[in-house]
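These exercises go with the structure shown below. Try each task before reading its solution.

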Amino acid sequence: MLEITDEVAHRLAEAEAQDGLLTLFIRHTSASLTIMENASPDVRRDLVDALDRLAPEDAPYRHDEEGPDDMPAHVKTALTGTSLVVPVMNGRLMLGTWQGIYVMEHRARPHEREIVLHYAGR
């Protein structure tokens with residue numbers, strides 16, 4: 001899990017965003033976006049462990065062209081999602097005190113990922 005909250009906030013500042021909605025969309029089927037606690041790293045580790053239990057690599061999947069982590073990555077993406085919407089007020093993300101925006105990589109090896117940001121507002 002890679003926190004991208006500060007980078008997203010920086011992009012909003014560059015766009016001189018004030019009040020509106022920010023949509024984030026990741027253009028991949030084996031990585032996802034989530035809003036999660038950013039204080040305790042144990043929360044993130046436990047989330048990854050829970051997803052590994054829900055979609056283990058050793059399950060009898062039919063789709064495995066790219067290796068044993070391929071289909072589990074798709075399942076984890078389906079469970080966690082590819083888009084988020086975050087309100088923006090006075091140029092600030094309206095996240096809770098302990099919330100951060102994360103990219104979740106579900107493949108065993110790192111991949112280059114692309115996230116599209118769309119801001120609607122003033």
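Which residue in β5 is the bridge partner of Met89? In β5, Arg92 is the bridge partner of Met89.

The model is predicted, so local features need pLDDT of at least 70 and side-chain atom pairs count only at pLDDT 80 or more, while totals for chains, interfaces and linings use all residues. Residues are numbered from 1 along each chain as its sequence is written, and side-chain values use heavy atoms, with hydrogens and water left out.

**Exercise 1. Describe the pairing and the two faces of β4.**

Step 1. Two strands pair if DSSP finds at least two bridges between them.

Step 2. Find the partners of β4. With β5 (residues 92-93), β4 pairs in the antiparallel sense over two bridges. With β2, the pairing is also antiparallel and runs over six bridges.

Step 3. Look at the turn. Two residues lie between the strands in the hairpin of β4 and β5, and Asn90 takes a positive phi near 55° there.

Step 4. Sort the faces. Leu84, Val86 and Val88 form the covered face of β4, and Ser83, Val85, Pro87 and Met89 the uncovered one.

**Exercise 2. Give the strand order of the open sheet of three strands.**

Step 1. Recall how strands are joined: they pair through backbone hydrogen bonds, either parallel or antiparallel.

Step 2. Read off the order, which is β1-β6-β3, with antiparallel pairing. β1 (2-3) and β3 (31-37) are the edge strands, each pairing on one side only.

Step 3. Check one pair. β1 and β6 (residues 99-105) are joined in the antiparallel sense over two bridges; Glu3 has Tyr102 in β6 as its bridge partner.

**Exercise 3. Locate the largest nonpolar core and list the contacts of Ile101.**

Step 1. Define the core: a set of buried Ala, Val, Leu, Ile, Met, Phe, Trp, Tyr and Cys residues joined through side-chain atoms within 4.5 Å. Buried means under 20% relative accessible area, exposed over 50%, and partly exposed in between (1.4 Å probe, protein chains only).

Step 2. Count and name. The largest core has 16 residues, and Val8, Leu22, Leu24, Leu93 and Ile101 have the most contacts inside it. The elements giving two or more residues to this core are α1 (5-14), β2 (20-26), β3, β4 (83-89) and β6.

Step 3. Take Ile101. Contact means heavy atoms within 4.5 Å. Leaving aside neighbours within four places in sequence, the contacts of Ile101 include Val8, Leu24, Ile35, Val86 and Leu93.

**Exercise 4. Are Arg107, Ala73 and Asp58 buried or exposed?**

Step 1. Arg107 lies in the loop between β6 and β7 (115-121). Arg107 counts as buried because its relative accessible area is 8%. Not counting residues up to four places away in sequence, Arg107 touches Ser30, Glu66, Asp69, Asp70, Ala73 and Arg113.

Step 2. Ala73 lies in helix α3 and is buried, with a relative accessible area of 0%. Beyond four places in sequence, Ala73 is in contact with Thr29, Ser30, His106 and Arg107. Ala73 and Glu105 are 32 residues apart in sequence, and their C-alpha atoms are 8.2 Å apart.

Step 3. Asp58 sits in the loop between α2 (41-54) and α3 (70-80). At a relative accessible area of 70%, Asp58 is exposed.

**Exercise 5. Which residues line the largest pocket?**

Step 1. Define a pocket: on a 1 Å grid over the protein atoms alone, it is an open set of points where a 1.4 Å probe fits, with protein on both sides within 12 Å along at least five of seven lines; lining residues have an atom within 4 Å of a point.

Step 2. The lining consists of Leu2, Ile4, Glu7, Val8, Arg11, Val103, Arg113, Glu114, Ile115 and Leu117.

Step 3. Assign elements. α1 gives the most to this lining, with three residues.

Step 4. Sort by class. Ala, Val, Leu, Ile, Met, Phe, Trp, Tyr, Cys and Pro count as nonpolar, Asp, Glu, Lys and Arg as charged, and the others, Gly among them, as polar. The lining of the largest pocket has six nonpolar, no polar and four charged residues.

Key: Helix = DSSP H or I, 4+ residues; strand = E, 2+ residues; numbered from the N terminus.
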